[in-house]
Every structure is written in C-alpha cells, then in structure tokens.
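Take a look at the chain below. We start at one residue, then widen the view.

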Amino acid sequence: MGTDANNERLAGSPAAAVVHSLHERHETLATVESLTGGLLSASIVEIAGVSGVYRGGLVTYATELKSELAGVPAELLAERGPIDPDVARALAEGGRRRCGADWGLATTGVAGPEPQDGKPVGLVYVAAAGPAGTVVRQLDLDGGRDHIRSAAVIEALRLLVERIQAADDPAGAAVDDDAAATAAGRR
C-alpha cells in the first residue's frame, strides 16, 4: 500500500484490522471518497471476508456529486468548497446513511500536483462516522500525488480503527474532535 503520513512502512494492514474488527462486532462500513478516487474501497475489498462487512461506497470526485450522491449540503460546498472538515464530516455521515451502514469513512483533500480552491497540496481531511458520532482528522501531507493518496487511505483506516476501539471503551467513545485530531501527518 505504501507509507503512512510519517513515511513509515506498515507492519500490518489497516484495512484488515478494520474488516476483522467490524466482523467481530457484526457491524458494517460504507465509504465516500474524493481525492482517493476508489483507492480506499479497493484496499478494503482486498481483505478476505469483507462481503459481510462492506456495504459499498461512493466516489464523489466532482464537487456537485458530493451533494447529489452523498448528501453534503450544497450551501456548505458553495461557502467553503470541497476541502473542508465539515465537508469531510458530511461525506462520512452521508455515506453511512445512504448505504445503511453502521460506520462511514470519508476522504477529501488536495493530492496535487497543483493547489485547489486556495488549499495547498497535501491538505487532507479524513472522517469516521459511527454510532457515537463523527470525528474528523486533518492531515498535512508531504510528497507526490501517489504518496498523498496512499497515506490518506492509511490514515483514514487508522482513524476508523481508533473509533471502533473507542466504541468498546465507554470513556473513549466520548472523545471530542479536538482530542482526536492528533498531530499525525503534520508538516
């Protein structure tokens, strides 16, 4: 899969951790992707046993499809553009709702090679929506387009694993967005 936000090779598969955790919990997942363009869903469906967990996903590369397919408020997109933490939140929640899943996972950002809508290359938001709410994490990634997309997938999956584990811990499930927004991937 490549390297994570810190350019480190992975010891295990974050997609496998997600699939196995959700399988044990009898819960399901949906994805909504922008900058990763299907790479997130592809990494998930590579895992054996995924059919009982993965409901499906949306690739909403065009801005208007974020609203039309994933249910992101058109006003939010018009006001802030597609690369925004609240858009990432709405994507994850919309995918969860539209696909009838327990969990929604979303990616949006700028993979490059050029900035987009005044946002720098490497600015990425990943979001995980679940039974206890939604958490968004900002990533500030270095590197080329392929690395940014791969690292976004890894970090989105890591965020979801953290949220699943927190759901098992009543104290951890109440973690707010600020506490969950760690320095992972910051320049």
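Set aside the neighbours of Leu-105 within four places in sequence, and Leu-105 still is in contact (heavy atoms within 4.5 Å) with Leu-29, Ala-30, Thr-31, Val-32, Leu-40, Ala-92, Ala-127, Ala-128, Ala-156, Leu-157 and Leu-160. This is a predicted model, in which local features need pLDDT of at least 70 and side-chain atom pairs count only at pLDDT 80 or more, while totals for chains, interfaces and linings use all residues. Residues are numbered from 1 along each chain as its sequence is written, and side-chain values use heavy atoms, with hydrogens and water left out.

The largest nonpolar core has 33 residues. A nonpolar core is a set of buried Ala, Val, Leu, Ile, Met, Phe, Trp, Tyr and Cys residues joined through side-chain atoms within 4.5 Å. Buried means under 20% relative accessible area, exposed over 50%, and partly exposed in between, with a 1.4 Å probe and protein chains only. Leu-29, Ile-44, Leu-105, Val-124, Leu-157 and Leu-160 touch the most other members. Helix 1 (14-25), helix 2 (39-45), strand 3 (103-109), strand 4, strand 5 and helix 6 (145-168) each supply at least two residues of this core. Helices (H or I, at least four residues) and strands (E, at least two) are DSSP runs, numbered from the N terminus. Helix 6 gives the largest share, 10 residues. A second, separate core of 19 residues includes Ala-92, Leu-123, Tyr-125 and Ala-127.

Now step back to the whole chain. It has 7 helices and 5 strands. Along the sequence they follow the pattern α-β-α-β-α-α-α-β-β-β-α-α. Of the 187 residues, 52% are buried. Among contacts between residues at least 6 apart in sequence, 67% join residues at least 24 apart.

Where does Ala-132 sit? Its place is the loop between strand 4 (123-130) and strand 5 (133-140). Ala-132 is exposed, with a relative accessible area of 52%. Ala-132 and Ile-164 are 32 residues apart in sequence and 9.7 Å apart in space, C-alpha to C-alpha.

Ala-132 also lines the largest cavity, together with Trp-103, Gly-130, Gly-133 and Arg-163. A cavity is a set of points on a 1 Å grid over the protein atoms alone where a 1.4 Å probe fits but cannot get out; lining residues have an atom within 4 Å of a point. The volume of the largest cavity is about 40 Å³.

Key
On a 1 Å grid over the protein atoms alone, a cavity is a set of points where a 1.4 Å probe fits but cannot get out, and a pocket is an open set with protein on both sides within 12 Å along at least five of seven lines; lining residues have an atom within 4 Å of a point. Grid points are joined across faces, edges and corners, and a volume is the space filled by probe spheres set on the points.
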